[in-house]
Amino acid sequence: MQADNLERVVKPQVEPCLALHLRKANRVLTQLYDHDMAVHGIKITQFAILRAIHFLGETTNRGLQDVLVLDQTTLSRNLKPLLRDGYLETLPGADRREKRLQLSSSGRRLYQQACKSWARTQGALKSLLGNELTDQLLAVGEAVVALKESAE
């Protein structure tokens, strides 16, 4: 059975899963951003880390987890190549266990170069979605993240 036929048969009988729909949309957005980030050798998840550190100046793993709403395992997996390739520098933290992160000079260059690709993708998506859907997408994202914050 083709996907469109399956959807017509199943859709009226099954309530749509919010998580599945958001994850599908996220995968499409990720693929579009990753396509333009590939020329820089990074993924949009790594660009988000570079961007967060750029705006924060320096931060800790915990700070990044909070800002990006990531668990430690996912953050570590995305930090490894950035650290390995010298885009991030670590500095001593408040105690032995804590390390502060900042962009290295090559990390700042990578971020500036990747910003152009990000802006191109961002602009194209906003144009395709239009202002109303773009605003709705941002509002939905903020509302969903607020659920986590209100549960804590």
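Modeller: Let us start with a charged pair: the side chains of Asp 95 and Arg 97 meet in a salt bridge, with 3.4 Å from N to O, where a salt bridge is a side-chain nitrogen of Lys or Arg within 4 Å of a carboxyl oxygen of Asp or Glu. This is a predicted model, in which local features need pLDDT of at least 70 and side-chain atom pairs count only at pLDDT 80 or more, while totals for chains, interfaces and linings use all residues. Residues are numbered from 1 along each chain as its sequence is written, and side-chain values use heavy atoms, with hydrogens and water left out.

Biologist: What is the general idea behind such pairs, and how many salt bridges does the structure hold?

Modeller: Side chains of opposite charge can pair when their charged atoms come close. The structure holds 5 salt bridges, including one between Arg 84 and Asp 85, whose closest N and O atoms are 2.9 Å apart. Arg 84 is exposed at 62% relative accessibility, whereas Asp 85 is partly exposed at 39%; here buried means under 20% relative accessible area, exposed over 50%, and partly exposed in between, with a 1.4 Å probe and protein chains only. In the pair that opened our discussion, Asp 95 is partly exposed at 36% and Arg 97 is exposed at 76%.

Biologist: Which residue meets Arg 120 in a salt bridge?

Modeller: The partner of Arg 120 is Asp 36, at 3.9 Å from N to O. This pair links distant parts of the chain, with Arg 120 in helix α6 and Asp 36 in helix α2 (residues 18-37), 84 residues apart; helices (H or I, at least four residues) and strands (E, at least two) are DSSP runs, numbered from the N terminus. Asp 36 counts as buried because its relative accessible area is 18%.

Biologist: How should I read the sheet, and what is the order of its strands?

Modeller: Strands of a sheet pair through backbone hydrogen bonds, either parallel or antiparallel. Here an open sheet of 3 strands has the order β1-β3-β2 with antiparallel pairing, two strands being paired if DSSP finds at least two bridges between them. Since β1 (59-60) and β2 (88-92) stand at the edges with a single partner strand each, one side of each is left without a neighbour in the sheet. Strand β1 is joined to β3 (residues 99-103) by 2 bridges, and the bridge partner of Thr 60 in β3 is Arg 100.

Biologist: Which residues have the most contacts inside the largest nonpolar core?

Modeller: In soluble globular proteins, nonpolar side chains tend to be buried together. The largest nonpolar core has 22 residues, and those with the most contacts inside it are Ile 42, Phe 47, Leu 50 and Leu 64; such a core is a set of buried Ala, Val, Leu, Ile, Met, Phe, Trp, Tyr and Cys residues joined through side-chain atoms within 4.5 Å. At least two of its residues come from each of α2, α3, α5 (72-84), β3 and α6.

Biologist: Where does Val 69 lie, and what is its phi?

Modeller: Most residues other than glycine have a negative phi, and most peptide bonds are trans. Val 69, in the loop between α4 (61-68) and α5, has a phi near 55 degrees, a positive value in a residue other than glycine. With a relative accessible area of 39%, Val 69 is partly exposed.
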